[in-house]
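Open the model in your viewer and keep the sequence panel beside it. The stops below say what to select and what is found there.

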Amino acid sequence: MAPALSKLANNQSAIVGVAGMTAALWIIAYGKMSNKKRKSGYEDKIQYTIAEKKDKKAAKAHVNSVFFKQLRKLLPILIPSFWSVETGLLFLVAAALIGRSVSDIWMIQNATVVESTIIHMNRDKFKTALLKYLTALPAISVVTNVLKWSLGELKLRFRTNLTHHLYSQYLNGYTYYKMSNLDNRIANADQLLTTDIDKFCESATDLYSNISKPVLDIFIYVYRLTVNLGGKTPSILMLYLLFAGIFLTRLRRPTGRLTVEEQKLEGEFRYVNSRLITNSEEVAFYQGNVREKLTLLASYSKLRAHLRKFLEFRVSMGIIDNIIGKYFASIVGFYAVSIPFFSENHPLLSGEQSGQRLQAYYTYGRMLVKLAEAIGRLVLAGREMSRLAGFTARMTELIKVLSDLNKGTYERTMVNGNNITQSGAAGSSFGPNKGAMCFEDNIIRFEQVPLVTPNGDVLLKELTFEVKSGTNVLVCGPNGCGKSSLFRILGELWPTWGGKVTKPSRGKLFYIPQRPYMTLGTLRDQIIYPHTREDMRRVGQSDEDLMHYLDIVQLTYLEQRENGLDAIEDWIDVLSGGEKQRVAMARLFYHRPQFAILDECTSAVSVDVEGKMYSYCREVGITLFTVSHRKSLWAHHDYYLQFDGRGSYEFETIDQDKEHFGS
């Protein structure tokens, strides 16, 4: 028994090595097997899809020439010019990195001196060396924290520049509407414009630091070691860097794809949650809380499964990264540093006393350890680069879609798999943006204009009518007949598929929906939206004018709140449905456009107040297109445009013989 224990003790290192390698291989294999044996979850019970273009040939995110090309296109956004503050911060980071590397070398040399005085029991030199070491620490601390501040400020400025650039594209014209309603290449723009921007800028800044510092350290330590120990020692480490980098970069290729998928699922989970908030009333009426819970948990289950898969991949890669990037690098470093010390004819180390050789070993050995660590960090920086490739691909996709939409091009994938793009068939006069749009004051004219949804559904083959200022039109018909499509074409939200539309410019056409939008801000902001207070003054209107509009819609009591027109509330919740509709009419009076589209916007308003508002519109010259089922409104209109829901319509004058249908 005793000889067996003795052999076991002698082979303890071998046993530990075999056990460690077995554990590492088991963890890697377990991660792959567990992904194949996942238990069925909520995602198997609830099936759903989020509208997004599926392109099987889409390029995956890898660290390759495509990634560097995408990153090069993003750099001018992050760094506007050479003389910008961002460039100055890059140089400040570089200077702080140099200062940090110099500090490391100084601390290595002086720490060795302090330890040498302790070994030689020289109390006076110990006190002097320790005091010298102590006095330098505040400056080193400043250098370290200047580096942290400059990296944090650089990330913040990168995010600010990218956010401003993307929002200027996203909120240019109706691009934000087109991205959600016409184009379905991107499902969750809010995820990209918030979380993904932050993570991209953080990853880009960290990568700059994580690459610059190791590269600088490698350059400094290679130079110092080559001068003192010869070129063979650092050359071994540099060759190790080359081969380890190539090997690990190949293994990390899935990181970019997994990062893209993670952000996509995070956005999907956020969308499902926001969808419940938006439609909470409808869900409550249906008592659909249990079904919605299943949908939410199904979305989270998909996210959780992916995060666990990604975590297991990172753990597996972390084991390999640590072994190759840290521990093997240290072993190679020990071997490399031993070469000059085992050399009997080394010009610097041969013939030295043991104490001097020990001091030289501490100095140059620590430099070699620092060099090995720098090489390891540079090898591991490839992991961050793979992650950055995923965020870069997402940012590039967003910029491309925004650019296409601002040029009038959109893509939409249908349920049947067919794609609808901005341009129709070659030589065809029917297709998105094939119609003509002309701008002329005081007239709305449709000439053989088809009403077609973004999905390509034809609601009406041809629509022709003309309305001049002062002629109010009542629009009626069943649901889905084309009323909203007509207004969306008028508002330039949907493309025209043919014919010719003549209308006033955007600012001279106003739209009020059944559920008016209330912005964040004061009571004044609700009336003048989308103007600001400065815009109100510029157009020559005052608070007295706003009070006049509130008086017409019988809402003067709102001004009696604390702070009056400057009162700040969550107006969507504070105001009732009827009050919101009357505020929207006051908003119409403030802007006083040539034409206004009223889409059931007085359904919660009493008939007498409604009549007063319509009379005021005619008095100030606002021509109305009204969608309503109230018989009382026929008296305020001159023509009616009636759709039958079967592809036909009727545009006629309202006279006494015409039957007034509605409630």
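Select residues 577-591, which form helix α19. Helices here are DSSP runs of H or I with at least four residues, and strands are runs of E with at least two, both numbered from the N terminus. Helix α19 has 15 residues and spans 22 Å from its first C-alpha to its last. That is close to the 21 Å expected at 1.5 Å a residue, where the expected span is 1.5 Å times one less than the number of residues.

Is α19 enclosed or open to the outside? Of its 15 residues, 13 are buried, so the helix is largely enclosed by the rest of the structure. Buried means under 20% relative accessible area, exposed means over 50%, and partly exposed lies in between (1.4 Å probe, protein chains only). Now select arginine 592, which follows α19 and has a positive phi, near 50 degrees.

A word on what is on screen. This is a predicted model, in which local features need pLDDT of at least 70 and side-chain atom pairs count only at pLDDT 80 or more, while totals for chains, interfaces and linings use all residues. Residues are numbered from 1 along each chain as its sequence is written, and side-chain values use heavy atoms, with hydrogens and water left out.

Zoom out to the whole protein. There are 20 helices and 14 strands, and buried residues make up 43% of the 663 residues.

Together they make an open sheet of four strands in the order β3-β7-β4-β5, with mixed pairing. Two strands pair if DSSP finds at least two bridges between them.

Go through the pairs one at a time:

- β3 and β7 run parallel and are joined by four bridges; alanine 436 stands opposite lysine 500 in β7.
- β4 and β7 are antiparallel, with three bridges; phenylalanine 446 has valine 501 in β7 as its bridge partner.

Now show the side chains of Phe200, Phe446, Phe465 and Phe625, which have the most contacts inside the largest nonpolar core, a set of 64 residues. Such a core is a set of buried Ala, Val, Leu, Ile, Met, Phe, Trp, Tyr and Cys residues joined through side-chain atoms within 4.5 Å. Helix α13 (residues 354-406) gives the largest share of this core, ten residues. A second, separate core has 37 residues, including Phe510, Ile528, Val583 and Ala584.

Last, select histidine 306 in helix α12 (residues 289-342). Histidine 306 has 8% relative accessibility and counts as buried. Which residues is histidine 306 in contact with, leaving aside its neighbours within four places in sequence? They are Leu258, Glu261, Glu262 and Leu265, where contact means heavy atoms within 4.5 Å.
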